[in-house]
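Take a look at the protein and its ligand below.

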Amino acid sequence: MTPPPLRWHIHPQPDQVAAALAARIVADASRAIAARGAYTIVLPGGATPRRLFAALRDADAELGSWHVYFTDERCVPPDDPERNDTAARSIWLDRVAIPSAQIHSIPAELGADAGADAYSRQLAAIDVFDTTLLGLGDDGHTASLFPGRPSGERPDTPAALAVHGAQKPPRERVTLSTWRLAAARSVAMLVTGAGKRHAVASLGRGDALPATAVARAASPRGGMDVWLDAAAAADVVSAIESS
Ligand code: 6PG
């Protein structure tokens, strides 16, 4: 398969990647607010974005105009340490002046089906996000879109999908679908650590992965920016330099 349009942003260390991506987000937000009076960003789950959340905590931005959504959520109670929004809130969102009404957690505590239905209804009001941020699993999953599972690539599928029996525990989840994640002015993936080098190389080849599908769906708006440290980029650096 031909690779999707990817732009690589490689920095030696994870903290440097987080700082550079945070600066790009703040600049994008400033432009969005100047143009449309608001900025919408979709945050990823997992452990990787925690450095980014810390970098954003100290950023100088017009936070009163920011609206925050989430790529996916685990079906556990609010404030559970296993929830993706718990890390974002404890490290960043609860410490800055984004109005709480503008932080839109996925109601995954309702259960996968009811939570997905409720979030799909909530997202109907948003045609295009400004920024979608994604993580990458070592098997090529992104958000809670896992290999071999329905990923919602067609725009007539729901914006949010129920996930039952996910390969990564907790097994019950809610995830934005492929087309919904890609419906953004900017799609960016943040990947760090040697453990992701093979998944990054697979994405770079255009292998059939959920992460690749999101990048392809983002092609009409320019594809996807991949922000990564040297360890995660180890298997793609030579291909990038020769391209
Ligand atoms: C989740 C995340 C998942 C995550 C990747 C990477 O619910 O676990 O949404 O998609 O982004 O698995 O996780 P790490 O950043 O912890 O490696």
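**The ligand and its pocket**

The ligand sits in the largest pocket. Here, sitting in a pocket means that more than half of the molecule's atoms lie within 2 Å of the pocket's grid points. A pocket is found on a 1 Å grid over the protein atoms alone: it is an open set of points where a 1.4 Å probe fits, with protein on both sides within 12 Å along at least five of seven lines, and lining residues have an atom within 4 Å of a point. This is a predicted model, where local features need pLDDT of at least 70, side-chain atom pairs count only at pLDDT 80 or more, and totals for chains, interfaces and linings use all residues. Residues are numbered from 1 along each chain as its sequence is written, and side-chain values use heavy atoms, without hydrogens or water.

The largest pocket holds about 210 Å³ of space, a volume filled by probe spheres set on grid points joined across faces, edges and corners. Its lining has 19 residues; Gly-45, Gly-46, Gly-135, His-141 and Lys-168 lie nearest the centre.

An N or O atom of Arg-173 is 2.7 Å from a ligand oxygen. For Arg-74 the distance is 2.8 Å, and for Asn-84 it is 3.1 Å. The protein covers 90% of the 410 Å² of accessible area that the ligand has on its own (Shrake-Rupley method, 1.4 Å probe).

The second largest pocket has a volume of about 180 Å³. Among its 12 lining residues, Trp-8, Gly-204, Val-236, Ala-239 and Ile-240 are closest to the centre.

Conventions: Polar contact = N/O pair within 3.5 Å; in protein donor to acceptor, adjacent residues only side chain to side chain.
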